[in-house]
Amino acid sequence: MNCPYCRQADSRVVDSRPIDEGSSIRRRRECATCGKRFTTQEMAILSVIKRSGATEPFSREKVIAGVRKACQGRPVNDDDLALLAQRVEENLRGTGQAEIEAQEVGMAILAPLRELDEVAYLRYASVYRNFNSLDDFEGEIALLRALPFEKNESDTSEDERELSKS
Ligand SMILES: [Zn+2]
């Protein structure tokens, strides 16, 4: 990749270390032209398999765009949405799969969205349930039954949420 200072392509790696428990690697590079150093980070691409069968890289922005509409008029800010998208990505990466069905991304959004705002969750779920077949309905019902309904509203978790926001 090009040096961010002088745009030349030639650089050498001077240091390389795994981060985030080995899920990505960070490299310190030195530009061969201008001698300045910069850092790159390398992470396996999480691919989303669309209904058409085509794949595209997972995008937090797409998750946020999909959820934002359901959050209109609700007490949900950009930080909440960014955190939600981050949790969705972490959960999906945590499954250890390199490729995820688009349907699974939609399902991974439901639980954190319900924790964030129940009204937004219901709106999102109702759109998300715009099904094409009986199998889709059966899948959604199974999903709703499988998801735990109790909310984490103990004092400690509320405190932690407030702390992480500040
Ligand atoms: Zn340079």
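User: Is C6 buried, partly exposed or exposed?
Analyst: Partly exposed, because its relative accessibility is 23%. Buried means under 20% relative accessible area, exposed over 50%, and partly exposed in between (1.4 Å probe, protein chains only). This is a predicted model: local features need pLDDT of at least 70, side-chain atom pairs count only at pLDDT 80 or more, and totals for chains, interfaces and linings use all residues. Residues are numbered from 1 along each chain as its sequence is written, and side-chain values use heavy atoms, with hydrogens and water left out.

User: Which protein donors does the zinc ion have?
Analyst: C3 (SG), C6 (SG), C31 (SG) and C34 (SG), lying 2.3 Å from the zinc ion. Donors are N, O and S atoms within 2.8 Å of the metal (3.2 Å for Na, K and Ca); water is not among the atoms, so sites may look incomplete.

User: What spacing do they follow along the chain?
Analyst: C-x2-C-x24-C-x2-C. C6 and C34 link distant parts of the chain, 28 residues apart. C6 is in the segment before β1, C34 in the loop between β2 (24–31) and β3 (37–43). Strands are DSSP runs (E, at least two residues), numbered from the N terminus.

User: Why is the arrangement tetrahedral?
Analyst: Because the four donor atoms subtend angles of 102 to 117°. Four donors count as tetrahedral if all angles lie between 85 and 135 degrees.

User: Switching to A9. Buried or exposed?
Analyst: Exposed, because A9 has 54% relative accessibility. A9 sits in the segment before β1 (11–19).

User: What is A9 in contact with, neighbours within four places in sequence aside?
Analyst: M1 and N2. Contact means heavy atoms within 4.5 Å.

How values were computed: Helices (H or I, at least four residues) and strands (E, at least two) are DSSP runs, numbered from the N terminus. Four donors count as tetrahedral if all angles lie between 85 and 135 degrees; four count as square planar and six as octahedral if opposite donors are over 155 degrees apart and all others between 65 and 115; anything else is irregular.
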